[in-house]
Amino acid sequence: MNRAFAMARMAAGRTSPNPVVGAVVVRAGRIIGEGYHRGAGQAHAEIEALGAVGDRAKGATIYVTLEPCCRFGRTPPCTDALIEAGVSEVVYSVRDPNPNIDGRGHARLTAAGIRVRAGICSREGGALIRPFSKYSTQGLPFVTAKFAMSLDGKIATRTGHSRWISSPESRRYAHELRNLSDAIVVGAGTVVIDDPRLTTRIEDLEVRHPLRIVVDSRGRAPVEAQIFSADLPGKTALATTEKAPPNHCDKLESRGVEIWRLATDLNGQVDLRSLLERVALEEMLTVLVEGGSGLLGSFFECELVDQALVSVAPKVIGGVDALSPVGGLGIAVMGEATEFSETSIEVLGGDVWIRADKPRRAVHDSTETAEGK
């Protein structure tokens, strides 16, 4: 199964709206064929693996990271192909969370007389398809909040200067994250202050430039900003409201920028859930939110963050007026803080990267007082 996981990861960030899936065919304890799903509309992992072995699949065991599908979508059902190939056993890691599958593939194979084993390395398998699981069950993309800060929790000096907090190694990793993401989101303030391009700058023949989304409720970001240039690779969208001046939107459209007019929240800003629903309509599974602090604060306050990736640089910036990475109103008492149940740490170029997963909102006991703690 570990080899199947490795095969699946070869298409990381390239299969939306489908999950990444890997498969290997085994006979007499040896791998005789393998495959992975390369993208929507292309052969599923099982079909690739079966194609690699031909008639040798008869009586063999196939290991798959996800329950085989049993319905026609962009491609025919994998269960039918497995039955026709004559495999004797199917071993898969996790059930397909798609309500149209969810155990039906397993049942179809069993009914055909094929031995089926499920739940092998289910923790790893579940982690592999987390974006797809959320998309399938909630109709929303998986959201990662990514930011870099100093040891004292600052993202810029009191004058607003922020380049560079992170090491070159961390900056390269940030571009690798973009290469794996469907969309990248920033606020209008970031565009005004930093004038970023938000392209993916790594040496890769198959480099990916995610959809760049600027959240700008009133049309503050200048038309001349680099992110709106027609010369940039990839596409850019403006997530805005009816408050944005029509002539501003017309100018951006003439540059090839997509205009998304979305619902507003109680503060008259772009409703972030509506934004994510629009991203899901574009069949995108992953969103990388890079700032600024106000936008990150809104995502956390709306409880829309699934994962946080934080780079902590060994620097102290100081200053009461220096920005912190997550702005907004913030919580009133510590019991209301967003907590993450799983964390991992990695060091890159002297920076400490913290990956925080599975957020949960703590329930605050209003009777708690400072004296009672």
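User: Which helix gives the largest share of the lining of the second largest pocket?
Analyst: In this predicted model, the second largest pocket has a volume of about 1,000 Å³. Helix 5 (122-128), helix 6 (130-138), strand 6 (142-150), helix 7, strand 11 (286-291), strand 12 (307-313) and strand 14 (351-361) each bring at least two residues to its lining. The largest share is five residues, and the element that supplies them is helix 5.

User: What residues lie closest to the centre of the second largest pocket?
Analyst: The lining of the second largest pocket is made of 16 nonpolar, nine polar and ten charged residues. Of the 35 residues that line this pocket, the closest to its centre are Ala 127, Leu 128, Pro 131, Gln 307 and Arg 355.

User: How many residues apart in sequence are the parts tied together by Asp 80 and Arg 108?
Analyst: Side chains of opposite charge can pair when their charged atoms come close. Asp 80 and Arg 108 form a salt bridge at 3.6 Å, N to O. Asp 80 belongs to helix 3 (residues 78-85) and Arg 108 to helix 4 (residues 104-111), so the pair ties together parts whose separation in sequence is 28 residues.

User: Is Glu 89 buried or exposed?
Analyst: Glu 89 meets Arg 115 in a salt bridge of 3.4 Å, N to O. Glu 89 lies in strand 4 (residues 89-94) and Arg 115 in strand 5 (residues 115-117), so the pair ties together parts 26 residues apart in sequence. The relative accessible area of Glu 89 is 8%, and the cut-off for buried is under 20%. Glu 89 is therefore buried.

User: Which residue is linked with Glu 89 and Arg 115 in a network of salt bridges?
Analyst: The side chains of Glu 89 and Arg 115 form a salt bridge. The network that links these two residues also takes in Arg 117.

User: Where do Arg 172 and Glu 176 lie?
Analyst: Arg 172 and Glu 176 form a salt bridge, with their closest N and O atoms 3.2 Å apart. Arg 172 is partly exposed at 42% relative accessibility, and Glu 176 is partly exposed at 31%. The two are four residues apart, about one turn of the helix, and both lie in helix 7 (residues 168-179).

User: Which residue just after helix 10 takes a positive phi?
Analyst: Helix 10 covers residues 272-281, and its buried residues include Leu 272, Leu 276 and Val 279. Just after this helix, a phi of about 60 degrees is taken by Glu 283.

Conventions. Residues numbered from 1 in each chain as written. Predicted model: local features only at pLDDT ≥ 70, side-chain atom pairs only at ≥ 80, totals over all residues. Heavy atoms only, no water. Buried < 20%, exposed > 50% of the residue type's maximum accessible area, 1.4 Å probe, protein only. Salt bridge = Lys/Arg side-chain N within 4 Å of Asp/Glu carboxyl O. 1 Å grid on protein atoms, 1.4 Å probe; cavity = no way out; pocket = protein on both sides within 12 Å on 5 of 7 lines; lining within 4 Å. Points joined across faces, edges and corners; volume = space filled by probe spheres on them. Nonpolar A, V, L, I, M, F, W, Y, C, P; charged D, E, K, R; others polar.
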